[in-house]
Each structure stands twice: as structure tokens, then as C-alpha cells.
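The stops below proceed one selection at a time.

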Amino acid sequence: MKFNALLTNDVIFHNALDIAEIICQFLEEGWEIDPEDLAHLSPYLTGHIKRFGEYSTHELGIQPEAYDPKLDVDFTQLRGQGLTAAGLGQAA
């Protein structure tokens, strides 16, 4: 069970990094990102997970690039609304 929890957390973290990277690309391209739309995104995506393999292990030794946690989106408008008003309290 501990391995399943670790794997689940790893997948969620990887999805969150992918989502943040795409949002940063959109911002660089000039898109306007609405914080309320981001509030409805879920990093718990599992459609791309192959439970029984087909994974390559030759990439395990590749060092990833440094992660920049800065996301240039103004979330201040969500702070006054509360979590449920922004849709964060609802299951995805």
C-alpha cells in the first residue's frame, strides 16, 4: 500500500508540473489566464497511466532541468471568494 500511495503522489506531482509548464507557455504566448479557470483543473489525471508496463527505463539517469515555481497569475481575486465559491470544494 505504501508503494501505491508513493506512486499516486508522484503522478499527481508530475501532472501538476506539466500543467504549470503549459500555463507558463500560454502566458509567454500572450494568453490571458483566468485564475477561476485554473481553480477547476485537477492534477489527478490518470488516463495516460499504463498500469502494467510499456515504460522505458533508459531515461532514469537523465537529470531534469531546474523547476521554476513562479506562475505569473494573479490569484488575489479568489482569496475573498472562499474555496467552495471558486469551485475548489467540488470533486473533479
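Select Asp72 first, which lies in the loop between α2 and α3 (76–79); helices (H or I, at least four residues) and strands (E, at least two) are DSSP runs, numbered from the N terminus. The model is predicted, residues are numbered from 1 along each chain as its sequence is written, and side-chain values use heavy atoms, with hydrogens and water left out. Local features need pLDDT of at least 70 and side-chain atom pairs count only at pLDDT 80 or more, whereas totals for chains, interfaces and linings use all residues.

Is Asp72 buried or exposed? Asp72 is exposed, because its relative accessible area is 58%. Here buried means under 20% relative accessible area, exposed over 50%, and partly exposed in between (1.4 Å probe, protein chains only).

The side chains of Lys70 and Asp72 form a salt bridge, at 3.8 Å from N to O. The term denotes a side-chain nitrogen of Lys or Arg within 4 Å of a carboxyl oxygen of Asp or Glu. Lys70 is exposed, as is Asp72. The structure holds 1 salt bridge.

Next, display the C-alpha atoms of Asp72 and Cys24. These atoms are separated by 7.6 Å, although the two residues are 48 residues apart along the chain.

Move to Ile23, which lies in helix α1. Ile23 is buried, because its relative accessible area is 8%. Which residues does Ile23 touch, not counting residues up to four places away in sequence? They are Ile33, Leu38, Leu41, Leu71 and Val73, where contact means heavy atoms within 4.5 Å. The C-alpha atoms of Ile23 and Ile33, 10 residues apart along the chain, are separated by 7.8 Å.

Remain on helix α1 and select Leu6, which has its place there. Leu6 is exposed, because its relative accessible area is 56%. Together with Phe3 and Leu7, Leu6 forms a nonpolar patch on the surface, with about 340 Å² of accessible area for the three together. Patches are made of residues with over 30% relative accessible area and no salt bridge; like charges are joined within 9 Å, and nonpolar side chains (Val, Leu, Ile, Met, Phe, Trp, Tyr) within 5 Å.

Then select Asp34, in the loop between α1 (2–28) and α2 (35–38). Asp34 is partly exposed, because its relative accessible area is 32%. With Glu32, Glu36 and Asp37, Asp34 forms a negative surface patch.

Finally, show the whole protein. Its secondary structure comes to 3 helices and 0 strands, in the pattern α-α-α along the sequence. Of its 92 residues, 13% count as buried. Among contacts between residues at least 6 apart in sequence, 77% join residues at least 24 apart. The accessible surface comes to about 8100 Å², of which 57% belongs to carbon and sulfur atoms; accessible areas come from the Shrake-Rupley method with a 1.4 Å probe.

Notes:
Lys and Arg count as positive and Asp and Glu as negative; His and the chain ends are not counted. The place of a charge is taken as NZ of Lys, CZ of Arg, CG of Asp or CD of Glu.
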